[in-house]
Amino acid sequence: MKFNITLEEAQSLVLERCQPVETEFVHLNDALGRVLGRDIRAEENIPPFSRSPYDGYAFRAEDTIGATEANPVTLEVIEEVPAGYAPQKKVITGKAVKILTGAPIPEGADAVTKYEETGINGAYVEIYTSFKSNENIVPAGEDVAIDEIIAYKGTAVSPPIIGLMSALGITEVEVHKRPRIAIISTGDELLDISEPLSPGKIRNSNAYTLAAYCKELGTDPVIMGTVRDKTEEVARFINQGLEDADMVITTGGVSVGDYDVVGDAVKAAGAETLFWKIEIKPGSPSLAAVKDSKLILALSGSPAAAMVIYQLVGMVFIKKLAGWSEVFHPQTEVILKKDFRKASPRRRFLRGRLLVEDGTAYVETIGGQGNGVLRSLVGCDILAEIPEGSGPLKAGEKLTAYLLD
Ligand code: AMP
Ligand code: MG
C-alpha cells in the first residue's frame with residue numbers, strides 16, 4: 001500500500017487496474033451519449049451519388065464556352081429529373097436536363113446552372129455565362145467518403161454522429177455498457193434524506209450528489225444507503241456492492257479518527273489497498289483498494305472534499321471503466337479573479353467558475369472553500385490548482401485549471 005502520494009500517482013494506480021466494461025448493441029435511437037465500442041467506418045459515400053445543389057439545368061460545361069448575356073448558348077431540354085428519381089437519358093452536346101435540388105446528375109453532364117440565371121424558350125434553355133467542369137456539382141462522398149472513419153472507439157455518440165450513421169443505414173451500434181457504481185455512505189450520524197433531523201444527525205447528501213455526478217457521466221449509480229461506523233458492517237456493504245456493481249464508492253470514515261473504520265473494512269472485505277492519502281487539499285484522506293479486479297474508492301465524508309476527489313480521481317477512473325479513450329480533464333491557464341487569502345502549504349484545488357472577459361480566462365471562486373461547503377460546487381466548472389508551498393495569492397495570479405465539463 002502506498003501512503004501520501006501525489007494526485008498523478010493516485011490516478012495512475014487506479015487506471016492501471018481498470019478494464020473497460022464490456023460492450024452491447026443498442027438501437028441508434030438509444031445511442032446518444034453512449035461510448036462507442038468500435039470505430040464507425042463508412043461503407044458507402046454520403047451522398048451516394050453526385051447531385052445538384054440547385055433547382056436548374058444540368059449540361060456539358062464545354063457547351064457553354066464563350067456564352068455571354070448578349071450571345072447566350074441555347075440547349076435543348078430533354079428530360080426533367082426531380083429529387084428521388086434516376087435520370088433516364090444521357091446528356092450529349094447541345095442538350096440539357098431540367099434538374100431539381102438533390103436529384104442525381106445525369107450521365108454526360110458536368111455542370112449545373114441555377115434556374116433563376118437562365119432564360120426559357122419553349123423546349124430550350126438559354127445560358128448566359130460559361131461554366132467550368134464540375135461547377136455546381138455536389139460530388140458523391142462530399143460529406144463522407146467510403147472507408148472514412150466517422151467516429152472513433154472511445155468517444156461519445158453525438159447528434160451529428162447519429163445523423164451520419166442514419167445516412168449510412170447503420171441502425172445498431174456497439175457501445176460500452178453503462179458501468180454500475182455502488183455508493184455506500186458510512187457514518188453513525190447519517191439519516192436518510194426522507195427522515196426528520198434529530199440531535200447530532202445529518203442527512204446523507206453525499207450519496208445523492210455522487211449518484212447525480214455518476215449519472216451525468218452516463219453511468220448507472222446504485223445508492224446502497226447508510227451504514228454505521230462498524231468495520232464488519234462496512235465490509236459487508238462493500239462486498240455486497242462489489243457483487244452488484246462494477247465499482248464501489250464509499251464516503252466517510254477514511255481519516256484517522258477512532259471511528260474511521262473504512263481502511264480496516266476494506267481489508268476485512270478481502271481487498272488489496274492501493275493507496276491511502278493523496279497530498280492535496282481538499283480530500284487528502286482518500287483511499288483506493290481493489291478486489292476481484294473491481295475498484296473501491298473511499299472518499300472523505302466532507303461533501304466538498306469528497307466531490308473534488310471524485311472529480312480528480314473517481315471521474316478519471318470511471319471514464320476509463322466506461323470505455324472513454326480520453327480520461328483526463330483538459331487543462332488551461334486562468335487568472336485568479338479575487339485575492340485568495342489562505343496560504344497553501346499543500347497543493348490545493350480551488351472550486352471555481354470559468355469567466356471569460358475581454359478574451360482573458362479567469363477563475364472566480366464560489367462561496368467558501370471549506371471541506372464541507374458543497375455550495376462551492378454549484379456552477380463549478382473548473383478546479384484551479386495552487387502549487388504546494390504558496391502563500392496567500394493576489395488577484396491576477398496565473399493558475400492552471402482543470403476543466404470539468
Ligand atoms: P468523516 O469523513 O467521516 O470524518 O466525515 C467528515 C464530515 O462529513 C463530517 O462532518 C460528517 O458528518 C460529514 N459526512 C459524512 N458522511 C456524509 C454524508 N453521507 N453526507 C453528508 N455529510 C457527510
Ligand atoms: Mg465519520
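Strand S11, residues 172–176, is mostly covered, with four of its five residues buried. Buried means under 20% relative accessible area, exposed means over 50%, and partly exposed is in between, with a 1.4 Å probe and protein chains only.

Before I go on, a word on the ground rules. This is a predicted model, where local features need pLDDT of at least 70 and side-chain atom pairs count only at pLDDT 80 or more, while totals for chains, interfaces and linings use all residues. Residues are numbered from 1 along each chain as its sequence is written, chains are lettered from A and ligands numbered from 1 in the order in which they are written, and side-chain values use heavy atoms, leaving out hydrogens and water.

Back to S11, then. S2 runs antiparallel to S11, and five bridges join them; two strands pair if DSSP finds at least two bridges between them. Within that pairing, Glu24 has Val175 in S11 as its bridge partner.

Is Leu32 buried or exposed? Its relative accessibility is 51%, so Leu32 counts as exposed. Even so, Leu32 touches Val157, Ser158, Pro159 and Ile162, leaving out residues up to four places away in sequence. Contact here means heavy atoms within 4.5 Å. Leu32 and Pro159 are 127 residues apart in sequence, yet their C-alpha atoms are 6.9 Å apart in space.

Now for a sheet. Six strands form an open sheet with mixed pairing, in the order S7-S4-S6-S5-S9-S8. At its edges are strand S7 (111–114) and strand S8 (118–121), each pairing on one side only. Inside the sheet, strand S5 (residues 73–81) and strand S6 (residues 95–99) run parallel, joined by five bridges. One pair to look at is Glu79 and its bridge partner in S6, Val97.

Which residues are closest to ligand 1? Of the 16 residues that surround ligand 1, the closest are Glu189, Asn204, Gly253, Gly301 and Ser302; the cut-off is a heavy atom within 4 Å. An oxygen atom of ligand 1 lies 2.7 Å from a backbone N or O atom of Gly301, and for Ser302 a backbone N or O atom is 3.1 Å from an oxygen atom of the ligand. A polar backbone atom of Ser205 is 3.2 Å from a nitrogen atom of ligand 1.

Helix H6 covers residues 303–321. Of its 19 residues, 18 are buried, so H6 is largely enclosed by the rest of the structure. Just after H6 comes Gly323, with a positive phi of about 105°.

Last stop, Arg347, in the loop between strand S20 (331–336) and strand S21 (348–357). Its relative accessibility is 13%, so Arg347 counts as buried. The side chain of Arg347 makes a polar contact of 2.8 Å with that of Glu385 and another of 3.4 Å with that of Tyr402. A polar contact is a pair of N or O atoms within 3.5 Å; within protein, one must be able to donate a hydrogen and the other to accept it, and residues adjacent in sequence count only if both atoms are side-chain atoms.

Terms used. Helix = DSSP H or I, 4+ residues; strand = E, 2+ residues; numbered from the N terminus. Bend = angle between axes of the 7 residues up to and from the residue.
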